Amino acid sequence: MNRCALCKYLLLWWLSMAVAPIFAAVHESAADSLMERFFLRRADGLYKVGEFFGDLYVKQRVGVFKNNLALNTFPGMTRFDRGVDNYVTELFYQLHYTDYGVLELRRKAYNTSFKHGRGEIERVVEFMTVNPYDDALLQDRIFSPLHPDYKKYYIYTLDSLSSSDGITRVSFSPRFDNIRLLSRGCVLFDDSCNIVEFAMSGWDEQSKFDAIYKMNATNVVEAVHADVSYNFLGNKLSIAADGCFAYDYVIPVNRADAFRLNASEYDLSGSTSVAWDTTKIVNMQAYADDNRPLRLDWDEVELLTDFSDSTQKSSGRKNIMWNLGDAMISSHSYNWGGGGVKFSPIVNPSSVDYSSGRGLSYKFSMNIRNSLRNNREMRLKPQIGYNFKQKAFYWNVRGNFVYNPSRLGVLGLDFGEGNRIYSSVALDRIKNMALDSLNFENLNLNYFRNFYVETFHECEIFNGFSMLAGVNYHKRVLQSNANKQLEIYGVPLRKKYIQFAPHVRFTWRPGMYYYMKEGQKINLGSKYPVFAWDVEQGMNGVLGSNSIYTRSELDVQYKMGLRSGNLLYMRIGAGGYFYTKDVYFVDYSFLKQSNLPVERSEELGGVFQLLDSEWYNAANKYARAHLTYEAPFLSLQKLFPRVKLFQNEYIYYNMLFMSQLHPYMELGYGVATPYVNMGLFVSSQNLQMHRVGYKISISLFVD
């Protein structure tokens, strides 16, 4: 290469490097302008669908490329057969959608070459039922690039080469790599800025996925193709799935009101034309042959044929290793005609949590249900648990009979063994002691074991306003290893106390959205705070009762959605014991400590992490306040851009006023990932530093 040619080459290279960013900026600017136009039309509700009803067919091909023992013991995963690396599954559904985002699915038929189909074999339906116009995708795990609140997380570019025939292609990519963002994708718009096709790629805890959605003229999906690949614990497999929709009708949102069952703005019930097909399919293979809208490839036909032949000759031998591993770390459901039972995992880490305040705890539960006529239902939930720090065993059984589903009418019975508790005899001494000299261990508190039975009737009087009325019965017996003195602080103390107390609670959820489903009212949520007032009156002489008191509590909770996926949880409350006589036990309804693992939603609703358990019963009046701010990308993603697993970050502020605590405060920071949730907390008492602690709960294997 001579000097002149080299100079020309360098000049062209320099020009390309200098001009490329200009073209890229122009394409980004054009894409941003198009997206703004789309967001404006979206805000006007031009893409919303009021309701649709139809059928969904899903065909999926599963390939196993590498496997070991962990494949069949991984919770939620399908059981794979020895020596078989390819499988085919067909799923037939009916689906019904209403404009509040409620999508109901009913499986009509199921045809597969798996001998034991479950778990991930149906997880692919999540990808089939994505609506590109939704605010968030895949059960709200993914922030959609097509929602204005999340546009700050994405970069949009215009592909001019595909802008033809009235179709414009806009590509999007995340500003940083994170599990809650789509890694790449594109949108095809027509001249009216309607979506013609939507493609997305992303990943979750164990898999990567790619999916393409084709839309029809009524802004609903007509066809889907999804590829899901797994690579975990030395196992590699893939799922290729195709979905095909057939709609009986699609109602635009501007005509949906004409099809409503009722005129109430909060009643989102669909039209009366929904008719579920409840015909029982006897021969799945024959039904699939007559109704599949997509053709099977020759090898797929062969797989299903081989499976049909093998099941007739199969001896039914079970994989003992799989059954044992799956039973230990997965939840299990067993169904019968009108009901079923679901067992929580036995050794699943999600059944265990640890905090510096409450220590290590474990729980195991069952959910039993049985459907009756006219949508009535019986529910039973036994639960056992153990707190290792307290060396205490807890158990309870809660049963409900839904006798009036249209009014949410429930008859309930709850009995079990609750938290250890001490009597009101110690309250005056605690109140009169200086905080710096107060030590519960040195007070020789007489703890009582608490066996309780609660019966109640709850019914919704009008939309969003419900009333619960019942009776609480407690039998509190002095612990065998407690202080044996029968007189404490000059007050006679009995070994056993009986409490009989009528109980009433009013709960108001203003602006409650709901819909009716076959005579059953299903509440969807409200944009306003939830108010609750709880009153209990102890009575003397009934069933041996010897506690007289009035307990009254008020509780207000509010969840406020903010922009960019942020949420704000607020809770305030107050309560106390009034008109007390004789010895009673301070046992609040809203201010309680759970000594067993609780759901994430319960913690966000207001939980004190570092408050000593003795304080929950240490005052006859209290006031509380909680504030939790949830943000997906608050700081960690910016500090550690290579870490992709940060789902949410939390800032907690908790405050409690009661005797000797004015106030008690907690400030905390937490982070949630797909595998583990962690929190660090610092507390103060009366504006003096009290304690630093932490909490860890494992979310791995939650199914």
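Close-up 1. Met689 lies in strand β35, where helices (H or I, at least four residues) and strands (E, at least two) are DSSP runs that are numbered from the N terminus. The structure is a predicted model, in which local features need pLDDT of at least 70 and side-chain atom pairs count only at pLDDT 80 or more, while totals for chains, interfaces and linings use all residues. Residues are numbered from 1 along each chain as its sequence is written, and side-chain values use heavy atoms, with hydrogens and water left out. Met689 counts as exposed because its relative accessibility is 57%; buried means under 20% relative accessible area, exposed means over 50%, and partly exposed lies in between, with a 1.4 Å probe and protein chains only. Together with Tyr354, Leu360, Phe388, Met678, Leu680, Val692, Tyr694, Ile696 and Ile698, Met689 forms a nonpolar patch on the surface, with about 910 Å² of accessible area together. Patches are made of residues with over 30% relative accessible area and no salt bridge, where like charges are joined within 9 Å and nonpolar side chains (Val, Leu, Ile, Met, Phe, Trp, Tyr) within 5 Å. Accessible areas come from the Shrake-Rupley method with a 1.4 Å probe, and for residues only the protein chains shown count as cover. Strands β34 (676-685) and β35 (688-698) each supply at least two residues of this patch, and the largest share, 5 residues, comes from β35.

**Close-up 2. Strand β10 and its two partners.** In a regular strand the side chains alternate between the two faces of the sheet. Strand β9 (residues 195-203) runs antiparallel to β10 and is joined to it by 7 bridges; two strands pair if DSSP finds at least two bridges between them. In this pairing Gly202 stands opposite Phe209 in β10, and a hairpin of 3 residues joins β9 to β10. Strands β10 and β11 also pair in the antiparallel sense, over 9 bridges, with Lys208 standing opposite Ser229 in β11.

**Close-up 3. The turn between β10 and β11.** The hairpin formed by β10 and β11 has 5 residues between the strands, and Asn219 in the turn has a positive phi of about 65°. Ala217 has its place in this loop, between β10 (207-215) and β11 (221-232), and counts as exposed because its relative accessibility is 79%. Although Ala217 and Asn194 are 23 residues apart in sequence, they are 8.5 Å apart in space, C-alpha to C-alpha.

**Close-up 4. Asp85 in its loop.** Asp85 is found in the loop between α2 (69-73) and β2 (86-98), and its relative accessibility of 37% makes Asp85 partly exposed. Leaving aside neighbours within four places in sequence, Asp85 is in contact, meaning heavy atoms within 4.5 Å, with Val62, Gly63, Val64 and Asn67. Asp85 and Asn67 are 18 residues apart in sequence, and their C-alpha atoms are 9.4 Å apart in space.

**Close-up 5. Salt bridges.** A search of the whole structure finds 27 salt bridges, each being a side-chain nitrogen of Lys or Arg within 4 Å of a carboxyl oxygen of Asp or Glu. One of them joins Glu300 to Lys59, with the closest N and O atoms 3.3 Å apart. Glu300 lies in helix α6 (residues 298-313) and Lys59 in strand β1 (residues 49-66), so the pair ties together parts that are 241 residues apart in sequence. Both Glu300 and Lys59 are buried. Glu417 forms a salt bridge with Arg420, the closest N and O atoms being 3.2 Å apart; Glu417 counts as buried because its relative accessibility is 11%, whereas Arg420, at 22%, counts as partly exposed. The side chains of Glu553 and Arg551, which are both buried, meet in a salt bridge of 2.6 Å, N to O. Glu553 and Arg551 also belong to a network of salt bridges that links them with Arg505, Asp534 and Glu536.

**Close-up 6. Two cysteines.** A disulfide is a covalent bond between the sulfur atoms of two cysteines. When a disulfide is taken as a pair of cysteine sulfur atoms within 2.5 Å, the count comes to 0 disulfides. Cys193 counts as buried because its relative accessibility is 0%, while Cys244 is partly exposed, with a relative accessible area of 22%.
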